[in-house]
Amino acid sequence: MHGTIVNATGSDTIRVWYLDHGRISCRNHRNRSWIFVSGDMYDLASLARQLDESDIYGYSFDTMRNVHGNIAGIRIPVWPSGIRDLMAIINSIGLERKFSIYNGDIDPVLRFMAERNLGFFALEDPLDPDPEIPVSTIVGRSMLGIPYDIEINGMHFQRIDSDAIYEAHRAINLGTIIVYSNRDGFFSKILHMILHQGYRLPHVVSSDGSTFESYGQTHYSNPRVSIEGKICIESDSFAYSETGIHGLIEISRTSGLPIVAASRVTTGTAVSAMEEAYAVRNGVLIPVRKDDHEEAKSAEALLNTDSGGLVLQPDPGIYTDVHEIDFSSMYPSIMVRYNMSPETIQKGGGIKIHGTPYSISGTERGFLASALDGLLKRRLFYKSVKAKSGLYSMRDAALKWMLLTSFGYTGYKNAKFGKIEIHESITAMGRWALAMAMNISRVNGFTLIHGIVDSLWITGSGDVRNVLSQIQDRTGIGMVEDGHYRWIVFMPANSGLGALNRYIGLRMDGTVKVRGLYVRRRDAPPVCTKFQLEAIEILRKCMTPDDIWAKRKEIRDLESSYMRSLRHRPVEDFRIPLHVTRNPEEYAVHNIQGMAIREAMDRGYRIMPGSRVGVVVVDHNHGIVDLDGTHDRIDLKFYERQVSMAFRQIDFIVDSCSPHRKADLFSFSL
Amino acid sequence: MGRSVPTARQVLENLAEDLDRMASIMPQSQAAIMHDMVMMGRRHSAEISYSGVDPYTGFLISIIIDLYSRIREAEQ
């Protein structure tokens with residue numbers, strides 16, 4: 001035993017990093033691998049003959065299993081670096097259709113670790129802390145590509161002078177994990193400055209940034225930096241920014257991916273890696289090209305099955321004594337509880353899936369259900385202890401993201417163990433479970449206010465614990481009370497009907513939950529956010545709708561004060577954080593994003609699609625915006641409109657408490 | 001994204017938009033009634049979506065239910 005494994009790199013030779021008593025040591029391991037080829041026996045015999053003639057590849061006939069059962073084929077030993085060429089040869093011999101290749105595109109490190117039953121950051125007890133590994137954080141901001149301030153291990157430098165560069169160099173030397181921000185190439189430029197000042201660094205490799213689309217949104221991946229002998233984590237990466245270093249370590253631990261890879265991939269890919277590691281450990285072959293395509297179905301069946309989650313529509317207004325009850329990890333729980341996996345789904349027999357033509361075979365445990373079982377139990381465990389420590393809370397957040405994507409991945413065309421019928425069955429069971437929960441709530445004397453996929457908002461004087469217990473008994477899925485509100489306001493959409501995800505509520509413990517208001521929007525000017533935060537602070541002291549109504553003058557005064565002081569506020573209160581989604585030539589409409597891009601181009605700087613930029617609107621009508629503080633004025637009329645919209649949301653909360661306005665409770669029945 | 005067919009809710013929203021357009025050239029008194037009826041239909045989109053019933057039929061039935069409720073309330 002050489003200590004805790006914290007990283008591994010390589011392909012034909014895997015370099016494993018061990019952490020022992022605060023010191024990192026590395027060991028190299030040869031990594032011979034293999035692929036498996038199945039197909040018609042005649043074609044396999046032909047392939048074997050050609051492999052014989054090549055005199056390069058050895059092979060053996062073998063029987064192995066994939067998720068659907070045993071298959072006969074040829075197992076060919078090969079070094080990981082040669083797998084791609086070998087697969088190209090086999091596909092060429094098989095005319096791209098005769099052979100199915102397995103275990104040909106697994107990450108070499110992941111496979112090495114899984115085959116030997118090794119794991120990153122292994123814990124003896126789930127309550128154990130993470131190993132102590134030196135972390136250095138170097139983040140900062142730049143304006144139009146020029147770094148202008150820096151924070152090194154929490155120490156802020158307003159200018160990037162020789163002291164800051166000295167500290168940055170020292171932090172890199174002392175840290176094993178380097179968390180860096182490379183938005184606008186910030187960290188690359190800092191490294192350049194370090195070298196320019198005569199300091200020495202280990203070998204540094206940088207890659208270009210790239211624009212990509214995920215879930216219909218354009219994102220920009222900042223240029224990546226690798227420093228020899230260091231574990232470099234980008235602070236803007238989704239996993240790090242959402243779950244911190246401990247969450248990232250948990251993703252590495254559960255997915256089997258090295259921490260650097262875990263920080264760079266989406267959580268969906270991390271789940272896929274976890275499933276692949278599970279398959280490798282259990283001797284289940286992983287197809288290079290999945291063959292579980294969507295089955296033909298009628299238009300009516302398609303309409304009925306491709307429905308997503310059940311979402312109710314609240315009547316806008318205020319409600320009191322409201323319970324928010326949630327299914328715990330609803331979709332993953334359904335997958336595990338109802339044994340959902342590509343090989344268990346069938347038509348007829350077994351357990352019927354409500355509202356679909358499918359059923360699930362109950363005879364054998366499905367692969368996907370087994371693979372997710374451990375992850376689900378682990379998440380539910382950390383959820384139960386997360387209040388005890390920030391560490392467990394971060395682990396819980398990481399696992400929550402992985403579980404969320406584990407469901408989405410079942411419908412993704414490239415998911416190795418996904419199948420669209422599974423995806424449809426999971427959502428169908430989700431709709432059934434929520435409908436069941438609604439009926440049980442109603443029977444127990446509660447009135448339904450709102451519901452979204454796995455959550456219900458109910459009000460009434462019944463026994464909530466009894467309701468939760470009955471729902472769990474009937475659906476087999478755990479349900480918990482996520483909040484008990486003194487009051488909650490559901491906001492209207494433009495249509496006048498209730499918005500599905502826009503509300504604010506005061507919990508019994510005095511905390512406020514807000515969704516969809518300006519204060520939560522990432523593209524809101526700070527002045528709007530600040531106003532709403534102050535207004536919410538006033539509302540937080542109100543125990544009843546009457547209390548809120550009594551505070552209407554205070555709210556109106558706050559609004560007037562904001563409106564009056566608008567022209568005197570610091571310019572940074574008006575800098576709108578924008579998400580640029582297109583190239584300059586694609587902006588046909590006269591909007592702020594387009595203005596920002598044009599302004600940057602005029603200054604010789606290109607804003608990449610998917611990146612974020614802070615913009616102050618100087619003159620909306622003439623398309624003048626400020627990117628770097630060169631203008632000291634704002635478009636007052638534009639910002640008056642913006643804050644007015646933020647006022648309107650707060651006004652609705654107050655007005656809904658008027659004694660002259662009675663909330664019409666939403667009544668929903670199935 | 002990734003959908004091969006529109007959801008019942010999307011079908012209903014499209015229908016509501018078409019009916020709003022229709023109302024835009026009606027006399028004001030009738031347009032108000034039309035708007036009211038469209039809201040009745042839209043209020044029940046969750047039930048329609050859940051049931052699997054044809055969205056147009058569900059929309060019509062939702063309007064009838066709301067009208068019936070109002071008649072009953074008026075009677076009481």
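**Notebook: loops, a sheet and a helix pair**

I began with Asp55(A), which sits in the loop between α1 (41-54) and β5 (60-66) of chain A. The model I am reading is a predicted one.

I looked up the backbone angle of Asp55(A). Its phi is positive, about 60°, although the residue is not a glycine. I noted the general rule beside it: most residues other than glycine have a negative phi. Is Asp55(A) buried or exposed? I found 71% relative accessibility. Exposed means over 50%, so Asp55(A) counts as exposed.

Next I turned to Asn339(A). I found this residue in the loop between α10 (330-337) and β18 (345-346) of chain A. Then I checked accessibility. Asn339(A) has a relative accessible area of 8%. The cut-off for buried is under 20%, so Asn339(A) is buried.

**Sheet in chain A**

I traced an open sheet of five strands in chain A. I wrote down the order as β10-β9-β8-β11-β16, and the pairing is mixed. Which strands stand at the edges? They are β10 (155-157) and β16 (231-234) of chain A. Each has a single partner strand, so one side of each has no neighbour in the sheet.

Strand β8 (residues 135-143) of chain A pairs with strand β9 (residues 146-152) of chain A in the antiparallel sense. I read six bridges for this pair. In one of them, Met143(A) has Ile146(A) of β9(A) as its bridge partner.

**Domains of chain A**

I listed the domain assignment for chain A. Domain 1 covers 32-105, domain 2 covers 299-381 + 413-507, and domain 3 covers 523-663. How many Å separate the centres of domain 1 and domain 2 of chain A? I found 43 Å, taken over C-alpha atoms.

**Helix pair in chain B**

Last, I moved to chain B. I looked at helix α1 (residues 8-23) of chain B and helix α4 (residues 55-75) of chain B. Their axes come within 10 Å and cross at roughly 65°. The crossing of α1(B) and α4(B) is right-handed. Which residues make the contact? From α1(B) I noted Ala8(B), Val11(B), Leu12(B), Leu15(B) and Leu19(B). From α4(B) I noted Pro55(B), Tyr56(B) and Phe59(B). I sorted the contact residues of α1(B) with α4(B) by kind: eight are nonpolar, none polar and none charged.

Terms used: Residues numbered from 1 in each chain as written. Chains lettered and ligands numbered in written order. Predicted model: local features only at pLDDT ≥ 70, side-chain atom pairs only at ≥ 80, totals over all residues. Heavy atoms only, no water. Axes fitted to C-alpha atoms, helices over the stretch in contact; angles between N-to-C directions. Helix = DSSP H or I, 4+ residues; strand = E, 2+ residues; numbered from the N terminus. Left-handed = near helix turned anticlockwise from the far one by under 90°. Contact = heavy atoms within 4.5 Å. Nonpolar A, V, L, I, M, F, W, Y, C, P; charged D, E, K, R; others polar. Domains from an automatic or database assignment. Buried < 20%, exposed > 50% of the residue type's maximum accessible area, 1.4 Å probe, protein only. Pairing = 2+ DSSP bridges.
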